[in-house]
Amino acid sequence: MTASSRLPPALNIITLATFAASLSARALDPVLPHVADDFGVTIAAAASFAAVFAFTFAIIQPVLGATADLFGKARLMIVCLVLLGLANILGAMATSFPLLFATRVLAGIGSGGVFPIALGLTSDLVGPEKRQIAIGRTLMGSMTGNLLGASASGLIGDFLGWRGVLAVLGALVIVAAIAVAAGFRNAAMTRPPRTSLSALRHGYRTIFTNPNARVCYSAVFIEGCCVLGLFPFLAAFLFELGETSLSIAGIVIAGFAIGGLFYTLTVSRFLPRLGVKGMMFAGATLVALQLVAVALGPQWKLQMLSLLFMGWGFYMIHGCLQVFASELSVEARATALSLHSFFFFMGQTVGPIAYGFGIQHAGKGPTLLMAAAVMIVLGFVCARLLRQTRPADAATT
């Protein structure tokens, strides 16, 4: 019997929640050129949707993490799923660019309360020795959602337009929220936690006095900037090559999610062989190589393959960083993981702006090569500085 087969059945419910939330995370990326045309704005302006979604997701994290620790992770996750679904549906009815922009803010808040809280629930259920494999299971839901969200949005966009994309995905998230609420209804984990405000203050001190915190949070910020910050420009890169089909853009972007899904299926085999340090350095190197490949502008089939390997490498390092974040504190684990998401999505906020500036002033090639160099350095630094340590408050549980 494998380690993954002995994981708690409740992880299946958590995986469903991450799947639902991830459906709409990158839903607009393949259809951004059409959004820009409809509202008479530039691609760079339309790409701001990715930035505002990421910024809202990030800025709400400290509040959501503390709220989850105080009032219950599962309850908050369900409420945020409903908010995310409604935001998508309202976005489909937006009559102006500012109104659509506002709905992406609401979507960022809703999404912000699902995935990091799901990681907290996963970490509560599983011990450190199996936590990376369990988080890989949770990531499987997220990656599958990203895969279907990106590819389906391109396909739906060709037939129903970008409004149809948001309407369909919004309805699916609402249905998933109802299913998750039913699944958690009688679960023991829905009981309110015993965490207090004083425990949260102690948790923050525990988190930021841990030497891993500074490296871990800085690393996920850089990841978000260099990797996810590129995504809003991929459709435009393909348009430059003459590939104007939204379905093609969706397929290429979905390659990243396929790579992430491949990671979830292989982590239990590669982790014992490479170790945590090897996983981080190998993953960062693989991402860097694919950034170089995208800079060369190959045909869309090769770009899709490149995004697949990029996704695999990205989650090799990102999965390790998530485990380190989960071990910063026990009493305030949701807070620690929400801060992890805060820095990650702040990176995704800065990323599109940095890429846009670099592409405009230095060109696509030099900008992507610089990002590749940064990822190589990141993998080396993480492998050298991060150490697996027992949380300082572990003895109090």
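How many disulfides does a search of the whole structure find? The search finds zero. A disulfide here is a pair of cysteine sulfur atoms within 2.5 Å.

This is a predicted model, in which local features need pLDDT of at least 70, side-chain atom pairs count only at pLDDT 80 or more, and totals for chains, interfaces and linings use all residues. Residues are numbered from 1 along each chain as its sequence is written, and side-chain values use heavy atoms, with hydrogens and water left out.

**Overall make-up**

The protein chain has 16 helices and zero strands. Both are DSSP runs, numbered from the N terminus: helices are H or I with at least four residues, strands are E with at least two. Of the 397 residues in the chain, 59% are buried. Buried means under 20% relative accessible area, exposed means over 50%, and partly exposed lies in between (1.4 Å probe, protein chains only). Contact means heavy atoms within 4.5 Å. Among contacts between residues at least 6 apart in sequence, 86% join residues at least 24 apart.

**Cysteines**

**Helix 11 against helix 15**

Helix 11 (residues 211-226) packs on helix 15 (residues 333-361) at an angle of about 35°. Their axes are 6 Å apart. Axes are lines fitted to C-alpha atoms, for helices over the stretch in contact, and angles run from 0 to 180 degrees between N-to-C directions. From helix 11 the contact includes Cys 216, Tyr 217, Val 220 and Phe 221. From helix 15 it includes Leu 339, Phe 343, Phe 344 and Met 346. The contact residues divide into 14 nonpolar, five polar and one charged. Ala, Val, Leu, Ile, Met, Phe, Trp, Tyr, Cys and Pro count as nonpolar; Asp, Glu, Lys and Arg as charged; the others, Gly among them, as polar.

**Cores**

A nonpolar core is a set of buried Ala, Val, Leu, Ile, Met, Phe, Trp, Tyr and Cys residues joined through side-chain atoms within 4.5 Å. The largest has 94 residues. Its residues with the most contacts inside it are Leu 81, Met 280, Leu 291, Met 310, Leu 321 and Met 375. Helix 13 (residues 246-295) gives the largest share of this core, 18 residues. A second, separate core has 19 residues, including Phe 39, Leu 100, Trp 162 and Val 165.

Beyond residues up to four places away in sequence, Met 375 touches Cys 226, Val 227, Ala 284, Val 287, Ala 288 and Leu 291.

**Two single residues**

Leu 386 lies in the segment after helix 16 (364-385). Leu 386 is buried, at 2% relative accessibility. Its C-alpha atom is 7.0 Å from that of Val 215, 171 residues apart along the chain. Leaving aside neighbours within four places in sequence, contacts of Leu 386 include Val 215, Cys 216, Met 280 and Leu 321.

Ser 151 is in helix 9 (residues 128-184). Ser 151 is partly exposed, with a relative accessible area of 22%. Not counting residues up to four places away in sequence, Ser 151 touches Gly 250 and Ala 254. The C-alpha atoms of Ser 151 and Pro 30 are separated by 8.2 Å.
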